[in-house]
Structures are given as C-alpha cells and as structure tokens.
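Here is a friendly briefing on one protein chain. Please keep the picture at hand while you read.

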Amino acid sequence: MRCSFLIANYNGEQELLHCLQAIYASAEKDFEVIVTDNASMDDSILKVKQNFPDVRVFSLRENQGVPFALNHAAAQAQGDFLAVVHVDTCVTPDWLSNAIRGLENSETAFAAATRIMKNDSVLDSAGYGYAQTGYPYRIATGKKPEKAGKQKIVMAPSNAAALYRREIFEELGGFDETLFFTLEDAEIGLRAAMRGYDTVFLPDAVAYHSGFSVSGGEESDFRVRFKARNTIYIRHKDLTGWMRLKYAWHLSRGERRVMRKSRKRGMGQACKQGFNEAYDTVKRCRKAYKGCKILRKKKISRRMFRNLFKRKVW
C-alpha cells in the first residue's frame, strides 16, 4: 500500500468528518485511513463508522495523548508512507500525490512539511524552525502565502498535515509519548536532523487548518501550558550539554521573554505551570527515550547544528 493516513481524535466529531471527507476526495487513491480515538465523549466514532465504513478505528480506554495515539495508529499501518493529519485539517485533492512525489525526489528527506493555510490569504505554517532561544516556531505563520517560499530544508514538519517515510519513522522510534500534547512533530524533526535526516518543505502540497479548535484554540491555557512544558522537555532530552551551555544565555532569555508575553495575554500562570512541571520531571524525560542515542552517533557537526538556530522567538 502506498500511504497510511494517521489521525488522533478526541471529541472532534464535526472536524473529523470534514477531515475524512477531504481525504477521500484525494486524487491518489492507494491509501488507508486509521483513526485512534482517545476516549472521546462525543459521537465521533459512531459517526465515522456510519459515514466512512472503510476507516480503521481503534478506541483507547482513556486519553493517553496525541503522540501515543499516533504511534498506536502507525503500528497498525501498512503503507510505505505515513501521513499525519489533524482532525481540524482538510487536505486538498492533490496534497497526497504532491507530498509523495516531493519526498521521493529528495533522497535524504525523512519527512515532508507541507504548505498549511489558515485560509486562502493567510499561512498557518511552512514547517518548523528552531529558535536560538530554544523554542520551536512555525515558519511564516500569519503571513501571506507567497512568504512560504520555494522548496527548501526546514527543521520539522507540522503535524497539521505531514508526510513521513515509514522506515525512518520506525528507526527513530516514533513520536515521543512523554510530550502528551503538542510539539511531537517539532521534536521528532529535531531528532531526525541530529541523525542527518532532512525535512523538506513542499509548497505545492497544500492543506487548510482551522487552528487548534479541538484543543480550545491556539491561545488556550491548556495549549500554552503544554507548549511551555514540552519545549523544556525537548531541550533537555535532545540537546547535548555543550549545546545547552553554549546557548545558555539565549535559552534563559527565551524563557523570560515567553513568560512576559504569556503574562500580557493573561496566561502567565499556565506558562509558569508548564515550566515548573518540566523542570520537576527533567530526569524522567531524559530517560524516556533510550531508543535513539543521537549524541553518540556523531552524525551532525556543530556547524550543522548551529544552522538549525534562527534569531527568532516562539
């Protein structure tokens, strides 16, 4: 089979139906769709089974987080490629064919970051970059479509609509389930880059993302908390000691600036809670991923790592 679509669902009834409708309108027809449900309390799964009987549905007894649900779906997948799509995303008919073609044409690419739109005139993202202050950021978010640029190498794809090579995804051990929610895409992209794999941005593969509606919106306390927490997790798990030492001033400055911005938006408590939770569990986080010993592989030079950093702040 050519491709497996992986969807993690939690109370996304209407969004999920629209997402599946868009997927089944794809020009490329050699695919399967796998939905892992995180113990939803709405009628999501019932509606899927009624309207899309070909979808393979797996229901978990409790909400174990987005990365766990996606890894669970990936374990059932039969496709050569894994397409991860958010429930509130609608792919265009040629999204899959363009993404597969672009990924196949790039020999060192592990994943394809696609052009994700909020609407016809505003970009949601063109993949992820990694700020010098230690924060993953969505490239060109909120800008006009032409600002996405041409095909290029970025740090990571956005899981709003991303395509992965299955064999490399499995080699890396899948998404980090410690994160629970948000930034699992940025983390695996950084981890892949540290092992010498690229993520290629493909402007011709277009999807529309309504903007984190299922999680309460991009500016919800829930999202701010987990974004702050997971940023620290990623830093301590994936970066070497000398990297953290070299950029210590920038990393500290980034935390202070993010806290100030969060307080101005009335979300300082959620951000502080995320930071505190992260530092309280750093040791557990660093031990959580033993399958990918990045730093001992020596597949990335210091110069290459520095090129991942851009002078931007999340």
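This is a predicted model: local features need pLDDT of at least 70, side-chain atom pairs count only at pLDDT 80 or more; totals for chains, interfaces and linings use all residues.

Residues are numbered from 1 along each chain as its sequence is written, and side-chain values use heavy atoms, with hydrogens and water left out.

**The whole chain**

- The chain has 13 helices and 13 strands; helices (H or I, at least four residues) and strands (E, at least two) are DSSP runs, numbered from the N terminus.
- Of the 314 residues in the chain, 57% are buried. Here buried means under 20% relative accessible area, exposed means over 50%, and partly exposed is in between (1.4 Å probe, protein chains only).
- Accessible areas come from the Shrake-Rupley method with a 1.4 Å probe, and for residues only the protein chains shown count as cover.

- In helix α1 (residues 13-23), the buried residues are Glu13, Leu16, Leu17, Cys19, Leu20, Ala22 and Ile23.
- What do these buried residues of α1 pack against? Their partners are the strands β1 (3-9), β2 (31-37), β4 (81-85) and β5 (89-91), along with helix α2 (44-51).
- Helix α4 (residues 95-104) is largely enclosed by the rest of the structure, because eight of its 10 residues are buried.
- To find them in α4, look for Trp95, Leu96, Ser97, Asn98, Ala99, Ile100, Gly102 and Leu103.

**Salt bridges**

- A salt bridge is a side-chain nitrogen of Lys or Arg within 4 Å of a carboxyl oxygen of Asp or Glu, and by this rule the count is 10.
- One of them joins Glu170 to Arg166, with their closest N and O atoms 3.0 Å apart. The two residues are four apart in helix α5 (residues 166-172), so about one helical turn separates them.
- Glu170 is partly exposed, with a relative accessible area of 48%, and Arg166 is also partly exposed, at 21%.
- Arg191 and Glu187 form another salt bridge, at 2.7 Å from N to O. Both lie in helix α6, four residues apart, about one turn of the helix.
- Are Arg191 and Glu187 buried or exposed? Arg191 is buried at 0% relative accessibility, and Glu187 is buried at 0% as well.
- A salt bridge between the side chains of Arg235 and Glu255 has an N to O distance of 2.8 Å. This pair links distant parts of the chain, with Arg235 in helix α7 (residues 221-238) and Glu255 in helix α9, 20 residues apart.
- Both Arg235 and Glu255 are buried.
- Arg225, Arg229 and Glu277 are linked in a network of salt bridges.

**A positive surface patch**

- Arg253, Arg256, Arg257, Arg260, Lys261 and Lys264 form a positive surface patch.
- Patches are made of residues with over 30% relative accessible area and no salt bridge, with like charges joined within 9 Å and nonpolar side chains (Val, Leu, Ile, Met, Phe, Trp, Tyr) joined within 5 Å.
- Lys and Arg count as positive and Asp and Glu as negative, while His and the chain ends are not counted. The place of a charge is taken as NZ of Lys, CZ of Arg, CG of Asp or CD of Glu.
- Arg253 belongs to helix α9 (residues 248-264) and is partly exposed, with a relative accessible area of 31%.

**Single residues to look up**

- Ala186 lies in helix α6 (residues 184-193) and is buried, with a relative accessible area of 2%.
- Which residues touch Ala186, leaving aside its neighbours within four places in sequence? They are Tyr128, Pro136, Met155 and Ala156.
- Ala186 and Arg138 are 48 residues apart in sequence, and their C-alpha atoms are 9.3 Å apart in space.
- Asn11 is not a glycine, yet has a positive phi of about 55°. Asn11 lies in the loop between β1 and α1 and is partly exposed, at 27% relative accessibility.
- Leu183 also has a positive phi, near 70°. Leu183 lies in the loop between α5 and α6 and is buried, with a relative accessible area of 2%.

How values were computed: Contact means heavy atoms within 4.5 Å.
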